[in-house]
Amino acid sequence: MKILNPKYYVPYMNISSALHGYDMYSPPHKSNESSLTEEKAKENFDFFVISKNNRVRIFRKWIEDNFYINLDYSAASIEKLSDWMAIYAPIIVRVRKDFFISYYTYNPEWNGKFIGCNLIFDIGLYIGEYLIKKRSFLHWDMYRYNNVIGDMNKSQFYNKPFIAGSFYEIGNVIFCPFWECSNALGSELIFSNVKINKSDTLRAFVSQAIYMADIPARAQMQITEDVKNGPLE
């Protein structure tokens with residue numbers, strides 16, 4: 001039987017209590033948007049658009065009330081959120097089975113043992129809104145890129161909410177916190193003393209996204225550790 005690392009005892013109790021009753025995100029069609037018809041995928045996206053502002057408001061109040069973090073769209077707020085994720089990423093969702101499919105398809109629904117999916121999603125929303133505030137040419141849209149030619153081989157992110165407006169893709173803000181949580185859970189950090197790699201944090205993602213957004217069309221780009229440790233504004 002695996003024993004939870006003692007350093008996670010208090011964080012686990014804190015996050016479990018704080019997540020009780022957290023607002024559930026429930027789009028009309030419970031399936032990965034890439035498998036939906038264009039009409040149904042658009043309905044999911046429209047639901048996202050009308051829900052996102054309220055969800056960000058709820059998330060900002062939740063993390064301030066429970067963890068005393070003020071997400072005021074400053075660079076410091078990204079630093080604080082990234083530090084918070086370094087502690088809580090492995091325990092926001094404690095179950096591996098169906099975690100991946102639930103986050104991609106909304107089924108199983110995001111309640112019960114999957115209630116943390118709502119929080120992960122809202123962290124991505126905040127990051128997206130932060131980037132839009134810092135770079136006004138960015139905006140939410142439906143992801144349209146197919147990584148393999150043919151409708152039967154669409155990207156798994158096809159028609160999901162995505163930050164558009166730059167020549168180069170800045171990265172998937174909705175899935176950035178999911179990957180951090182999934183990687184932390186998958187590497188069993190909660191059962192060991194291994195630390196999360198700093199290059200995999202939200203801070204590194206946002207810094208890289210800012211860099212990507214600022215690259216002029218067709219200019220050469222080079223992602224280095226300096227980029228990941230670069231400015232957040």
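**Notes on the predicted model**

1. The count of salt bridges comes to eleven, where a salt bridge is a side-chain nitrogen of Lys or Arg within 4 Å of a carboxyl oxygen of Asp or Glu. In general, side chains of opposite charge can pair when their charged atoms come close. This is a predicted model, in which local features need pLDDT of at least 70 and side-chain atom pairs count only at pLDDT 80 or more, while totals for chains, interfaces and linings use all residues. Residues are numbered from 1 along each chain as its sequence is written, and side-chain values use heavy atoms, with hydrogens and water left out.

2. One of these pairs is K52 with E129, whose closest N and O atoms are 3.5 Å apart. K52 belongs to helix α2 and E129 to helix α5, so that the pair links distant parts of the chain, 77 residues apart, helices being DSSP runs of H or I with at least four residues and strands DSSP runs of E with at least two, both numbered from the N terminus. Both K52 and E129 are buried, a word used here for under 20% relative accessible area, with exposed meaning over 50% and partly exposed the range in between (1.4 Å probe, protein chains only). Salt bridges that share partners also join D23, R55 and D122 into one network.

3. Which parts of the chain does the salt bridge between E38 and R144 tie together? The side chains of E38 and R144 meet at 2.6 Å, N to O; E38 lies in helix α2 and R144 in the loop between β1 (139–142) and β2 (161–164), so the pair ties together parts that are 106 residues apart in sequence. E38 counts as partly exposed, at 36% relative accessibility, and R144 is likewise partly exposed, with a relative accessible area of 43%.

4. A further salt bridge is formed by the side chains of K30 and E109 (4.0 Å, N to O). This pair also links distant parts of the chain, with K30 in the loop between α1 and α2 and E109 in the loop between α4 and α5, 79 residues apart. K30 is partly exposed at 31% relative accessible area, and E109 is partly exposed at 34%.

5. Some backbone angles deserve a look, given that most residues other than glycine have a negative phi, and most peptide bonds are trans. Y68 has a positive phi of about 60 degrees although it is not a glycine; Y68 is placed in the loop between α2 (38–67) and α3 (75–88) and is exposed, with a relative accessible area of 72%. D98, again not a glycine, has a positive phi of about 70 degrees, and D98 lies in the loop between α3 and α4, where it is partly exposed at 33%.

6. The peptide bond from N107 to P108 is cis, with omega near 5 degrees. P108 is found in the loop between α4 (99–105) and α5 (116–134).

7. Which residues form a nonpolar patch on the surface? Y9, V10, Y12 and M13 do, with about 400 Å² of accessible area together. M13 lies in helix α1 (residues 9–19) and is exposed, with a relative accessible area of 53%. Patches are made of residues with over 30% relative accessible area and no salt bridge, like charges being joined within 9 Å and nonpolar side chains (Val, Leu, Ile, Met, Phe, Trp, Tyr) within 5 Å. Accessible areas come from the Shrake-Rupley method with a 1.4 Å probe, and for residues only the protein chains shown count as cover.
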